[in-house]
Amino acid sequence: MACFGRASPALKEILLKLYRTEKPMEIDHHLYEFGAVEYHIQSSASDPHDTYLSIATPLLSQGVLPSHGLSHHTIEMIKGICSDCLEIVEPAREGYQLTLRLDLANIPQGKDGAKVIAQISSVQAVILSSQLKEMLQNVNSQYTPKGMYKPIKFVYHPREPFFVIRQPQKITAVFPMRFRENSDVIVATAFFQELMDVGSSEAWAKAPPCTWSPIPPPELRGELFEDLSTNGGFVSFDIFSCHVEGKQLDKTVWSLLNFYAYVKHHVKCTRGFIQRRMKNRLGSLVEVLQKASLEKEEHIQKDEGCRYVRKLVSFSRSKILNRRCGHFTKKIRSPIKIHGFSRFRQQWTMPKFSQTKNTKLD
């Protein structure tokens, strides 16, 4: 993850540990950070006064700065951090652009010492900032007859190059935006459009104007296809003289170097916010459904109880007695047999006449 602060948090923690310890410590540690940056810290218990710090950072652009070592301006900026406790070792150790010898005993105590440690931890930011400043200052040598300067490719991270074009009245920084997920493209596109709307308002009139386009700007014609193939479009900032004067130069340079990190941080935070909202919304919907199912079950149980009571009330007393005494009444209604009654019945009944057929007399 990219660090927005100038000081390296891991390097600062190790240097503070060495600075505050009472006993000599044996340390031989390698640190790797965003942007292909490597630190090598060495401290020996036999030589507690000297601590060696080696830094390897890739050049932002090839062919603009000297290929061997750092420029004189960069070296002077590093020496200005604390000349009493910092010394540049020449030549630097193999594989590194800069090696420093630190005398932690000469660092003042208290808050001032912590500030000096923070400044030493930000040496890599000083190197990158000075490189970008020199590129912007020396770009005049690449003037073209068309009245436009050739774009300079900056590579802070191997997969995140950006371009700077210096024109007669402004400096244009163009960032090709690439994202892995389609959802990140949607979030970033909305962010760029909002950034343009806010930048065009009166409240942010002093900020560099921002534009976003899905296609490469005309200034990047002729660049490599792999550098211009994006899925998030191109973000451009127009930097005028008021943005690179005095202290504004350091802020502008550092903001340009960390623009990719800011965008990724915004996309990550937005995705996390959306996921939390969806999770909370899903939880509330589940609670509503569970509450509705419980109420439905209670209503069904009440209806069944009411139906049973209604059935009992709807029966009349005669029906209830009929149900209870039905078997007994059936027995009473069955015919009663009386001895001799059949003979009496035969005497009083009319005789049955037999059916005879009439015959015709001749």
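## Strands and the model

Strands are DSSP runs of E with at least two residues, numbered from the N terminus. This model is predicted. Its protein chain has ten helices and ten strands. One of the strands is β8, which covers residues 171-176.

## The chain as a whole

The protein chain has 362 residues, and 34% of them are buried. Its accessible surface comes to about 25400 Å². Carbon and sulfur atoms account for 56% of that surface.

T172 sits in strand β8. Is T172 buried or exposed? Its relative accessible area is 4%, so T172 is buried, because buried means under 20%.

Which residues does T172 touch, apart from neighbours within four places in sequence? The list is F163, V164, I165, Q167, S236, F237 and D238. D238 also has a polar link to T172: their side chains make a polar contact at 3.3 Å.

## Cysteines

How many disulfides does the structure hold? The count is zero.

C242 has a relative accessibility of 46%. C269 has a relative accessibility of 40%.

Conventions: Residues are numbered from 1 along each chain as its sequence is written. This is a predicted model: local features need pLDDT of at least 70, side-chain atom pairs count only at pLDDT 80 or more; totals for chains, interfaces and linings use all residues. Side-chain values use heavy atoms; hydrogens and water are left out. Helices (H or I, at least four residues) and strands (E, at least two) are DSSP runs, numbered from the N terminus. Buried means under 20% relative accessible area, exposed over 50%, partly exposed in between (1.4 Å probe, protein chains only). A polar contact is a pair of N or O atoms within 3.5 Å; within protein, one must be able to donate a hydrogen and the other to accept it, and residues adjacent in sequence count only if both atoms are side-chain atoms. Contact means heavy atoms within 4.5 Å. Accessible areas come from the Shrake-Rupley method with a 1.4 Å probe; for residues, only the protein chains shown count as cover. A disulfide is a pair of cysteine sulfur atoms within 2.5 Å.
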